[in-house]
Amino acid sequence: MEASDRLAREGTDPDEDVVRRVARGDQAAVQALVARKLPRMLSLARRMLGDPAEAEDVAQEVFLRVWKHAPSWKPGKARFDTWMHRVALNLCYDRLRSKREHPVAEPPDRPDPAPGAERGLEAAQLGARVERALQALPERQREAIVLCHYQELSNIEAAALLGISVEALESLLSRGRRALRAALADMARS
């Protein structure tokens with residue numbers, strides 16, 4: 001089913017009105033759109049890149065493109081949210097490609113954001129371990145996991161965003177989950 005058929009069946013794009021208002025320069029609409037979409041864009045970029053600073057840069061670039069393209073946005077082809085996710089993914093791909101092209105001798109030191117409590121440290125270590133396992137996945141499997149589990153897109157939305165069939169997405173999810181389970185198997189035994 002094409003995205004436009006699905007939109008027609010499901011009704012209008014929930015972001016259509018706010019995008020129209022952003023295109024007219026309505027500052028309240030800009031603030032509303034940022035408040036609604038920024039956490040998801042940051043989350044997507046953080047999960048794809050593994051670097052909070054780069055994730056913030058990607059999110060800023062997404063919103064710059066939103067403001068630039070809002071006047072020419074044509075509702076009905078795809079949901080605005082889907083377009084934003086595609087822009088964010090493409091920006092992440094660009095950064096991942098540039099990392100591969102310019103290897104760094106050592107990873108940069110990062111301050112520990114967790115509080116001094118032992119529980120916070122354990123949670124941070126667990127989160128970092130899961131994040132490393134996620135980053136070790138092949139790119140397409142990581143994309144599928146991030147879009148479906150962290151961004152909470154439906155399989156149909158994620159498949160459309162990645163330009164693949166739902167069956168292919170489900171295969172990527174299955175392989176990705178298996179790889180994560182294997183990478184984190186010792187944690188389940190503890």
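Visitor: What does the protein chain have, helices or strands?
Guide: Keep in mind that the model is predicted. The protein chain has 10 helices and zero strands. Read along the sequence, the pattern is α-α-α-α-α-α-α-α-α-α.

Visitor: How many of the residues are buried?
Guide: Buried residues make up 36% of the 190 residues in the chain.

Visitor: And the contacts, what share joins residues at least 24 apart?
Guide: Take the contacts between residues at least 6 apart in sequence: 65% of them join residues at least 24 apart.

Visitor: Let's talk packing. How do H2 and H3 cross?
Guide: Their axes come within 8 Å and cross at roughly 135°. The crossing is left-handed.

Visitor: Which residues make that contact?
Guide: H2 gives Val-18, Arg-21 and Val-22. H3 gives Ala-28, Ala-29, Val-30, Ala-32, Leu-33 and Arg-36. By type, the H2 and H3 contact has seven nonpolar residues, no polar ones and two charged.

Visitor: H3 also packs with H7. What angle there?
Guide: About 150°, with the axes of H3 (residues 27-49) and H7 (residues 139-150) 10 Å apart.

Visitor: Why are H3 and H7 called roughly antiparallel?
Guide: The angle is about 150°. Angles over 145 degrees count as roughly antiparallel, and therefore H3 and H7 get that label.

Visitor: Which hand is the crossing of H3 and H7, left or right?
Guide: The crossing of H3 and H7 is right-handed.

Visitor: What residues meet there?
Guide: On H3, Leu-44, Arg-47 and Met-48. On H7, Arg-142, Glu-143, Val-146, Leu-147 and Tyr-150. The contact of H3 with H7 divides into five nonpolar, no polar and three charged residues.

Visitor: What does Val-62 touch?
Guide: Leave out residues up to four places away in sequence, and Val-62 touches Met-41, Met-84, Val-87, Ala-88 and Leu-91.

Visitor: Switching to H8. Which of its residues are buried?
Guide: Glu-157, Ala-158, Ala-159, Leu-161 and Leu-162. So the list includes a charged residue, Glu-157.

Visitor: What follows H8?
Guide: Gly-163, with a positive phi near 70°.

Visitor: Where does Pro-52 lie?
Guide: In helix H4. Pro-52 is partly exposed, at a relative accessible area of 40%. Its C-alpha is separated by 8.0 Å from that of Leu-42, 10 residues apart along the chain.

Visitor: Last one. Which helix holds Arg-175?
Guide: Helix H9. At 36% relative accessibility, Arg-175 counts as partly exposed.

Visitor: How far apart in space are Arg-175 and Arg-142?
Guide: 10.0 Å, C-alpha to C-alpha, and 33 residues apart in sequence.

Conventions: Residues are numbered from 1 along each chain as its sequence is written. This is a predicted model: local features need pLDDT of at least 70, side-chain atom pairs count only at pLDDT 80 or more; totals for chains, interfaces and linings use all residues. Side-chain values use heavy atoms; hydrogens and water are left out. Axes are lines fitted to C-alpha atoms, for helices over the stretch in contact, and angles run from 0 to 180 degrees between N-to-C directions. Helices (H or I, at least four residues) and strands (E, at least two) are DSSP runs, numbered from the N terminus. Angles under 35 degrees count as roughly parallel, over 145 as roughly antiparallel, 65 to 115 as roughly perpendicular and the rest as oblique. A crossing is left-handed if the near helix is turned anticlockwise from the far one by less than a right angle, and right-handed if clockwise. Contact means heavy atoms within 4.5 Å. Buried means under 20% relative accessible area, exposed over 50%, partly exposed in between (1.4 Å probe, protein chains only).
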